[in-house]
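Let's take a walk through this one together.

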Amino acid sequence: MKINSMLHRIALCAAVLLGSLSSLSCNKPGAEGDGAALDVEFEVPSQMRVNSDDGCISFRIMILSKAPLKTDRILFESASSSFDCEIFELGKVSFSVRIPDGMISEEYRIYVRRGEAKKLVGTCDMLIVNAPAIDIEPEDGVTIYGAVTCDGKGLENVVVSDGIEVVRTDKEGIYQMRSAKKHSYVFISVPSGYETLNDGVFPEHYFQLGKPADEAERVDFTLVQSGDQTNHTMLVFGDMHLANRTDDKKQFAEFIKDINQYVTENTGKKIYALTLGDMSWDCYWVTNSYDLSTYVRDINAIKNLTIFHTIGNHDHDMAFAGDFYTVTKYKKTVAPTYYSFNIGKVHYVVLDDIECTNTGAGDADSRDYRRNLVKEQVDWLKKDLEHVSYDTPLVIAMHAPLYRDNGLSNLTNTSSIVNIVKSYTEVHFLTAHSHKVYNVDKLGTDNIYEHNTGAVCATWWWSAYETPGIHIGQDGAPGGYRIMEIGNTSFSWQFKPTGKSADLQFRTYDRNAIEMSTSVYVPSADDSHANKFLDYAKDFVAPSSENYVYINVWDYDPEWTVEVTEGGRQLSVEKVSVCDPLHLIAYTAKRLNKNAAASFPTEATPHMFVVKAAAADSQLEIKVTDRFGNVFKESMKRPKRFSVDNYKL
């Protein structure tokens, strides 16, 4: 995708993509000839910003065998005008037509015509603009320079970086940088109050470089005014692990549907999104023909949303040795491995805390890494934050957690990162990797709060594959995403299960109804796998009549309260660490029953609570209150049947 952006920049003509890529057709009144016979496809963005000074419009070819012929005509039809254009440049990856005289900014239906046959390829909202008239003479030694503009005017004090050097634009919007071009790109820290042009869901906040390190090259950035961002929403997506396996694409479609519905239902709000890494699964890039480029195509099914991206360990190309070259593919296809941007009064930073130490052999034994921020990145972070005042809230995204769920350090250099940011009034770390939902609150000591956000894929898409309707992680948390609401400089958050109401914040189990015998749950397992099941299910094997009830509150932190009453009598609630029984039967038992490895077995969760009722058939009133005063309730009628079907609701 970003290679394409660079091609557009260095070609004779350029079309900067703004909207989501789509080849969907729409109905057009009137006959279209034998359009169905035209086996032609190319990418038509839903929005396109075209520079009139470049003189042409370019389209990307998806499949070479479906490219148009040089003799085909490209038609642009709108409610007020129609243009018939020849293809003047046809290559293997793109083709171009000249901008017709009289074309104005409007929505156009785009057709390909061959003789009498005519086929609708897509619809595009086209913005025709003039290039900013800013002349720049690069200073001696400058290798990257350009302008950051909005509506043709330069923007002052925009931070620009190549991943090592950090500079700011002057009063005319011009930046100049003496760069060694180590990372082969340049990016901006999008200023508050502005947004980038988009390529689908991907913000155009960086571009690949094309010239040798000692040659100066110009890279301009065009921004648009966003309106008031003081109040905004950030949707946070943990591990996706898309790999074209375990019907993950079918399940992912449900996630896409959920996000599109959320965005539609909240029209008028400023909504953005941020992934936390492991969008793909490098082990299957080749074997399952699902790589980062495929992910780019699939994530673009989300509409009307800008998504910033974080790299995870499985987004590194482990076919290369060491750390630097493992991210080449990611940087060309998805995003820089670290960068920053601003929305409203919040400064966001995205970091790569995976340091690959693999040998490059490509086998399982060679795929190794440390959870660490390399020195070059730490140095860049310090430079970036020099432009951010201490009273600005920070949100820092990384793949691997800063802290474990017990509050202990998880990175090799946790303390150095904390020391850099703790002077800021409030810092929120957004992390993933664990596939668990947990929170570490250190606001009282280091002004830091970490949200380990769980996983979109839950148990690597396995639980719903083995047990349709139960999409659940190893800690019992559902697959889903976090919704962060930012009002001025105040934060609130909530974990939303995919396809479920955001009010679903806990799940209850009646221990009296649970008896995990091997004859019921793993009847086909051999002795070895049956014994493994008993090890995992040890807390639930024996029948019980002691009236215990378990409550899994997945987004719990110490500011939450869990209250239970029985007939008006308050029960004592105890926090415990046990396995989630639903995950045990939805995934672990299903795998072991096939005498297969439970590669992602149920783990004891730290956000489980237990109460002891007085009777086996009493109704319990359960009230869970989060740190923001939101109340979630269940009137638990007992005995409560323990079955997969009972928890699909």
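Is Asp151 buried or exposed? Bear in mind that this is a predicted model. Asp151 has a relative accessibility of 66%, so it counts as exposed. You'll find Asp151 in the loop between β11 (144-150) and β12 (153-154), and its phi is near 55°, a positive value in a residue that isn't glycine.

Now hop over to Lys181, in the loop between β15 (174-177) and β16 (185-189). Lys181 isn't a glycine either, yet its phi is positive, at about 55°. Here the relative accessibility is 8%, so Lys181 counts as buried.

Next, the inside. The largest nonpolar core has 106 residues, and Met234, Leu235, Phe237 and Ile299 touch the most other members. Helix α2 (residues 248-265) is the top contributor to this core, giving six residues. Leaving aside residues up to four places away in sequence, Met234 touches several residues, including Tyr272, Leu274, Phe341 and Met484. There's also a second, separate core of 34 residues, with Ile470, Ala586, Ala598 and Met608 among them.

On to a pair of helices. The axes of α10 (residues 527-536) and α11 (residues 581-593) come within 9 Å and cross at roughly 160°. The two are therefore roughly antiparallel. From α10, the contact uses His529, Lys532, Phe533 and Tyr536, while α11 brings Leu584, Thr588, Ala589 and Leu592. Sorted by type, that's five nonpolar, two polar and one charged.

One last stop: Arg638 and Pro639 are joined by a cis peptide bond, with omega about 0°. Look for Pro639 in the segment after β43 (631-636).

Notes:
Residues numbered from 1 in each chain as written. Predicted model: local features only at pLDDT ≥ 70, side-chain atom pairs only at ≥ 80, totals over all residues. Heavy atoms only, no water. Axes fitted to C-alpha atoms, helices over the stretch in contact; angles between N-to-C directions. Helix = DSSP H or I, 4+ residues; strand = E, 2+ residues; numbered from the N terminus. Parallel < 35°, antiparallel > 145°, perpendicular 65-115°, else oblique. Contact = heavy atoms within 4.5 Å. Nonpolar A, V, L, I, M, F, W, Y, C, P; charged D, E, K, R; others polar. Core = buried A, V, L, I, M, F, W, Y, C linked by side-chain atoms within 4.5 Å. Buried < 20%, exposed > 50% of the residue type's maximum accessible area, 1.4 Å probe, protein only.
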